[in-house]
Amino acid sequence: MEHYNMSLTLKVWRQKNNKEQGKFETYSVKDISSEMSFLEMFDVLNEQLIAEQKEPIAFDHDCREGICGMCSMVINGRPHGPWHHTTTCQLHMREYKNGDTIVVEPFRADAFPVIKDLAVDRTAFDRIIQAGGYVSVNTGNAVDANSIPIEKHSADEAFASAACIGCGACVAACPNASAMLFTSAKVSHLAMLPQGAPERKTRVVDMVEQMDKEGFGGCTNIGACEAECPKGISLENIARLNREYMGAMLDGGSQNAV
Amino acid sequence: MTLNSKTPEGPLGSKWEDYKSKCRLVNPANKRHLEVIVVGTGLAGASAAASLGEMGYKVKAFCFQDSPRRAHSIAAQGGINAAKNYQNDGDSTYRLFYDTIKGGDYRAREGNVHRLAEVSANIIDQCVAQGVPFAREYGGLLSNRSFGGVQVQRTFYAAGQTGQQLLIGAYQALERQVALGNVKEYTRHEMLEVVKIDGKARGIIARNLVTGELERHFGHAVLLCTGGYGNVFYLSTNAMGSNVTAAWKAHKNGAYFGNPCYTQIHPTCIPVSGDHQSKLTLMSESLRNDGRIWVPKKQNDSRKANDIPEEERDYYLERRYPAFGNLVPRDVASRAAKERCDAGYGVGASKQAVYLDYASAIERYGNSEANKLGLDNAGADKIKELGKEVVKAKYGNLFEMYEKITGENPYEVPMRIYPAVHYTMGGLWVDYELMTTVPGLYALGEANFSDHGANRLGASALMQGLADGYFVIPYTLGNYLADEIRTKSIVTDHEAFVQAENEVRGRIEKLMSIKGKQSVESFHKRLGKIMWNKCGMARNAEGLKEAVQEIQALRKEFWEDVFIPGDAMEFNPELDKAGRVADFLELGELMCLDALNRNESCGGHFREEYQTEEGEALRQDDQYMYVAAWEYKGDSSFELHKEDLNYDVVKPTQRSYK
């Protein structure tokens, strides 16, 4: 692959905190290598701002290998940018050419208030998990791991749902800012395993209730979440959540479902 | 102070059982009044916080990320070891213990390692019960694979995302305790000081990273589960935020630092592509199961990999180590790659890389698939196609990641790899109960020094993190807290809290007031270069002495000329980073001093002056069979304490993987 350098114009959302209004600022960067990751390009921009004794752009990031779910950013209108099944940190600059303009915004949703610039508060996701996204088993109570064989197909499906990194791109992509893909991935992961079965009815009802309480919108089957999900979490999870939910409600909802 | 490891007496195999049956317990009513602070929410921290919450303690869990689920344990790819012997290939608790001791080049404590091997099987049971979706066979039972330094298949895995799945399991257990009110969670908080009262750890000062406010938190005990310090090298496979700050503050407050120079350089990482590089990405060790590592037989060969004929390739690991081949331990594989590159056989633009080739694996799997399908006359293309499918199912996500980063297709051209800093075996010195030299202050997981000696085997970090959190600390902490049931919660306007907070505030104000010209990042990069060049894969006395001088000068320059924009009382990632780099600038010096003190080569610590004629690590057991535990005495001043290692069961020999 040919390496090349480029100059770019960046329009980036700047917002001091969640009380003040934000606005776009325009920056130019030079000598960006096609080998850099998108966040390394941001490092260059921030070093440039610091050299000018200006405030760098705040953005969330940590592992930079596409697994921790901490990075976010909406890049030219798409959460995590243009590459399929790719987080922002794994997007590389060979996607762009000299002279391009790139617009960068935070993930936007009522339930994800902006902390500063491109960093948002996603603790609502933790609270959805707290509502039931677990198996109630204390340490030390487990039976031998091979005492319950699990059909390979179910285990693989459970794994595919469990691959969710909790980044919130699904919420940012959805016109309703719905958290259905995230919630359904966890409901599915646990519903497909025998270990998750005893609590499956209360789990789905409680998690959906928490999701609503957090201010996420409803799902209207648009599918943008699946299209933008960096881990390829499928819409089938939402169908499964709906089935689980229906079953639980027919059984009397959370209270009677024990 | 003499170091007492508190390893229980008695035969190796019954030490832990004996300990468990004799340690003191805390009754449920008293547990409700005992508060425990857990810093860090990776595998060790999340599993400890969840388990202690379940037991009835009042737990506070802190992490600097926006959610406990982001901790860097999540990035572990390959797997987790456990002595289950599900494959009937001769594995046992003893063998896992032995492999770990040998892999660590006889620099770990026998008692700790045997306990680790004993609880390993429980970890797998616990994780499966939580719904961790490990890979399974068609019969519905768990699947295993092999890893470096080992001749059995004992590694459990979930594709290339084992760390993620284990951490999500622990995170979910933790969130359950949060929902039940047993654990209170503090995200985007960073611990900046340990508070000691009458010599015991009694709490922490934490900074709320969103508002910048300093907070005082009391605990009857404090657990540091804050991971390793590989980012002292700037470039490493660690997450950008991984840091030594919590452990370093503890060190400066009385906790000894064990074997700081033991660093693991992982052999299979994607090479550096330029000065802009912010971190390095690991390609799982599991790739060495099927991939073959080679360089051209000719120096400075500029041909493309696929143009180099088979007979002109040097599969140097298979050549040097026929018994283990590509599956030698990490330190051995890394040094062998460096040796070839230094000798002029490196590949790629930088010449600092070797090939990891899947062509023969693709062919082997393709043939096997063709055979299953009854395709006797399958052509080469068909075999390749079938083989690629198998490789994709096993390693697809890793291959995709490689392609995203390098723009090259690893199914068609061999991957280029080079060693990178990955893990630190050193860490806070702890006794058998995981307590540091400060009473009531514990260190778990990568943050402690205890189980891996001078080199960690693949798939053992996840095992140790979860062993410490799920199965060790629930017992050992009770043994300490049983004496604390009469200690009332201390109000945080106690003078010790006030003083600790003032010190933290002073340090932050000092950093903010420098208003120099150079960025935090630029200092971090310079430190990283010194560490990598002089305290990296190969070290020598002269280089280490230079490094100490250079680090001292760099630290001075940092405190005179660093520029931190913004304000301390707001969300300010540059300030967070500045505090961490300031601590790395002190730790780096101690690592060099430790490396200089250890006049031998062992595991990941390779002193050029001490090698065999064949270039293998040469230990000096008569002089260095000890844990180097360093006590902080003030600026650039550390005192060495030695904990002798006694091998009652295993006879140390020169490691051989030939």
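# Exercises on a two-chain predicted model

Leaving out neighbours within four places in sequence, K517(B) has contacts with D561(B) and F563(B), where a contact means C-beta atoms, placed from the backbone, within 7 Å. This is a predicted model, in which local features need pLDDT of at least 70, side-chain atom pairs count only at pLDDT 80 or more, and totals for chains, interfaces and linings use all residues. Residues are numbered from 1 along each chain as its sequence is written, while chains are lettered from A and ligands numbered from 1 in the order in which they are written.

## Exercise 1: a loop residue

Task: find where K517(B) lies in chain B, and decide whether K517(B) is buried, partly exposed or exposed.

Solution. Begin with the location: K517(B) sits in the loop between α14 (495-514) and α15 (520-534) of chain B. Helices (H or I, at least four residues) and strands (E, at least two) are DSSP runs, numbered from the N terminus.

Next, count the surroundings. A residue is buried with 20 or more other C-beta atoms within 10 Å of its own, exposed with 12 or fewer, and partly exposed in between. K517(B) is partly exposed because 13 other C-beta atoms lie within 10 Å.

Finally, look along the chain: F558(B) is 41 residues from K517(B) in sequence, yet their C-alpha atoms are 9.9 Å apart in space.

## Exercise 2: a sheet and a core

Task: work out the strand order of the open sheet of 5 strands in chain B, then follow L223(B) to its bridge partner.

Solution. The order is β5-β2-β1-β9-β17, with parallel pairing; two strands pair if DSSP finds at least two bridges between them. At the edges are β5 (183-186) and β17 (441-443) of chain B, each pairing on one side only.

Now zoom in on one pair. Strand β9 (residues 221-224) of chain B joins β17(B) in the parallel sense over 3 bridges. L223(B) has Y442(B) in β17(B) as its bridge partner.

Then widen the view. Setting aside neighbours within four places in sequence, the contacts of L223(B) include V36(B), A48(B), Y442(B) and I473(B). In the largest nonpolar core, which has 287 residues, L223(B), L224(B), L428(B) and Y442(B) touch the most other members. Such a core is a set of buried Ala, Val, Leu, Ile, Met, Phe, Trp, Tyr and Cys residues joined through C-beta atoms within 7 Å. The largest share of this core, 13 residues, comes from α17(B).

## Exercise 3: where parts touch

Now turn to the domains, whose bounds come from an automatic or database domain assignment. Chain B is divided into domain 1 (266-421) and domain 2 (504-617), with 33 Å between their centres, taken over C-alpha atoms.

Conventions:
Contact = placed C-beta atoms within 7 Å.
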